[in-house]
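Please walk me through this model in the viewer. Tell me what to select at each stop and what is to be found there.

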Amino acid sequence: TRPMSSAKIGKEELLSKLAEWNIVTETVEHPQVSTVEQALPHLENTEGKFAKNLFLKDKKKRLYLFCAPHDADIKLNDLAKLVGATGGLRFADASILEEKLGIQEGSVSVFGIINDTENEVKLVLDQRLLDETYTKLGFHPMVNSATTSISPCDLKIFIDKTNHEPLIVTIN
């Protein structure tokens with residue numbers, strides 16, 4: 001673990017940490033993208049499934065990072081019921097995203113939990129990201145000008161190394 005500080009891990013530190021943890025990655029550089037739709041054309045030759053990542057909060061200001069296959073049909077009301085979120089879910093502010101996960105809007109990614117050293121963000125994963133439905137999963141490496149792919153098995157290792165206990169949900 002690293003010393004407590006306000007400095008957040010960025011792309012280069014993330015990639016070197018993944019290598020240190022023996023997590024095999026493939027990173028594709030591309031123009032900055034703000035949406036899944038913008039990202040997909042740059043990933044046509046990449047194996048696996050690009051992920052959709054949502055940074056959410058409930059009425060009690062509890063924070064959630066939800067990750068699913070990019071084409072999952074996500075209804076926030078249904079997701080709120082699955083995670084037991086009081087008063088429903090809505091998008092959390094960009095300032096909170098930056099403070100807790102060290103990333104900007106448009107770059108939301110499971111990798112952001114590496115900066116959540118206080119475990120203030122509940123990681124919620126669509127079970128298809130872990131059950132080997134896909135051979136590789138693509139996430140932004142802290143910036144939206146690249147996509148880093150890892151295996152479901154390595155995703156589990158990453159989550160474990162960041163001391164997070166994901167809530168696994170099934171999205172129909």
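Select Phe111 and Phe139: both are buried in this predicted model. Their ring centres lie 5.7 Å apart with the planes at 70 degrees, and since an angle over 60 counts as edge-to-face, the pair is edge-to-face. Now colour by secondary structure. Phe111 sits in the loop between helix 4 (94-101) and strand 5 (121-126), while Phe139 belongs to strand 6 (residues 137-139), so this contact ties together parts 28 residues apart in sequence.

Next, select Trp21 and Phe158, which are both buried. The count of aromatic pairs comes to three. Trp21 and Phe158 make one of them, a tilted pair at 6.2 Å centre to centre with 55 degrees between the planes. Trp21 is found in the loop between helix 1 (11-20) and strand 1 (26-29), and Phe158 in helix 5 (residues 152-161); the pair therefore ties together parts that are 137 residues apart in sequence.

Keep all four residues displayed. Ring pairs link Trp21, Phe111, Phe139 and Phe158 into a cluster.

To centre the view, select Ser34, Asn53, Leu54, Gly106 and Val108, the closest to the pocket centre of the 20 residues that line it.

Which strand gives the most to the lining of the largest pocket? Select strand 2, which contributes six residues, the most to that lining.

Finally, colour the lining of the largest pocket by residue class: ten residues are nonpolar, seven polar and three charged.

Definitions and conventions. Residues numbered from 1 in each chain as written. Predicted model: local features only at pLDDT ≥ 70, side-chain atom pairs only at ≥ 80, totals over all residues. Heavy atoms only, no water. Phe/Tyr/Trp six-rings, centres within 6.5 Å; stacked < 30°, edge-to-face > 60°. Helix = DSSP H or I, 4+ residues; strand = E, 2+ residues; numbered from the N terminus. Buried < 20%, exposed > 50% of the residue type's maximum accessible area, 1.4 Å probe, protein only. 1 Å grid on protein atoms, 1.4 Å probe; cavity = no way out; pocket = protein on both sides within 12 Å on 5 of 7 lines; lining within 4 Å. Nonpolar A, V, L, I, M, F, W, Y, C, P; charged D, E, K, R; others polar.
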